[in-house]
Amino acid sequence: MKKIAIVTSGGDSQGMNSAIRAVARTGLANNFEIFGVRKGFKGLIDDDFITLGSKEVSDILYRGGTFLQSARSKEFLTPEGQAQAVENLNAKGIDYVVVIGGDGSYKGAQALERHGIKTFGIPGTIDNDIPLTDYTIGFDTTLNVVTNAIGNLRDTMSSHERVSVIEAMGRNCGDIALQAGIASGVDAILIPEVKPDIEKTAASIKKGFDRGKSHSIVIVAEGAGTAEDVAKQIKDLTGLDTRPTVLGHIQRGGTPSAFDRVYSSRLGHKVIELIQEGITGVGLGIESNQITYHSFEDIFNAKNQINEKLYQIFEDLV
Ligand code: F6P
């Protein structure tokens, strides 16, 4: 019986559990033995494996986070850490490893592949920053969390005639800020991919208030600056009452959206199909609503870019 180990690594994201369930249930139905590795790559080094039967993955489809838990393992970056992980995998006779995580986790998956372990990557990060896929698991849920938070802030900001500067996560990627900005009709977004012009932003906010607007909303992606700094600059330039809000880890929680549940189920299911076709060493994703896959090398060689069309749409609608 061939064996598959599933690892969730890096920052957790909503939908990781549904991906684990999909790999496990599809694998079990096709006579694979399934193991979960606890606490990311650290669990590989510490030999922290659990057997996953159908029952172990029931009741997790709709839960945020990862029931296997996650970690950012510094030890796995060392040759000794990787050698220990490979030794543990070989001792257990694991044939395939499925890594669910972001770009750092993909680097780990590629390292395993280089050590001769057949590996797959499932893009699990709220940041939507993995190249060659339109979406990562968790991004859609986070977008909804951020959109709801902006709605709440709008209520109180308009009661007090204030400017709200909201800091969104995303590391070096502005997708959360951009798409939440479009979904919420905010007045400005500051993202790392586009050089900010704070004077222009402040002038247009002031103009809005002068025309009778009761509030203004600005989203700043964490890769472009902090809410506190931007709020201070806008206050200094406009004299308006301005409040910074850092949404923080709230963005990583909550039940996964229907999209993330379906998407992660499709990805997990596809891993087993790829094994049966003899394809390994790839990261999966979705492009034009088709589940696709690319070698880790191609993924790392491709550059993650902002969707210029969406940015244009934001600018045309603001
Ligand atoms: O990669 C996901 C992410 O939430 C980023 O958006 C953020 O910069 C980072 O992780 C926060 O990491 P931590 O949870 O370790 O503070």
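This is a predicted model: local features need pLDDT of at least 70, side-chain atom pairs count only at pLDDT 80 or more; totals for chains, interfaces and linings use all residues.
Residues are numbered from 1 along each chain as its sequence is written, and side-chain values use heavy atoms, with hydrogens and water left out.

Polar contacts to the ligand (pairs of N or O atoms within 3.5 Å) include one from the side chain of Glu222, in which an N or O atom is 2.5 Å from a ligand oxygen, and one from the side chain of Arg72, at 3.0 Å from an oxygen of the ligand. Gly170 contributes through a backbone N or O atom, which lies 3.1 Å from a ligand oxygen. Of the 400 Å² of accessible area that the ligand has on its own, the protein covers 74% (Shrake-Rupley method, 1.4 Å probe).

Strands are DSSP runs of E with at least two residues, numbered from the N terminus, and two strands are taken to pair if DSSP finds at least two bridges between them. An open sheet with parallel pairing is formed by 4 strands in the order β7-β8-β6-β9. Strands β7 (188-190) and β9 (242-246) each have a single partner strand and stand at the edges, so one side of each is left without a neighbour in the sheet. Within this sheet, β6 (residues 163-168) is joined to β8 (residues 216-221) by 6 bridges, and Ala168 has Ala221 as its bridge partner in β8.

Antiparallel pairing over 6 bridges connects β10 (residues 282-287) with β11 (residues 290-295), and Gly283 is bridged to His294 of β11. The hairpin of these strands has 2 residues between them, and Ser288 takes a positive phi near 50 degrees.

The structure also holds 8 aromatic pairs (rings of Phe, Tyr and Trp, the last by its six-membered ring, with centres within 6.5 Å; planes under 30 degrees apart count as stacked, over 60 as edge-to-face and the rest as tilted). The ring centres of Phe35 and Phe49 are 6.5 Å apart and their planes lie at 80 degrees, so this pair is edge-to-face. Because Phe35 lies in β2 (residues 33-37) and Phe49 in β3 (residues 49-51), the pair ties together parts that are 14 residues apart in sequence.

How values were computed:
A polar contact is a pair of N or O atoms within 3.5 Å; within protein, one must be able to donate a hydrogen and the other to accept it, and residues adjacent in sequence count only if both atoms are side-chain atoms.
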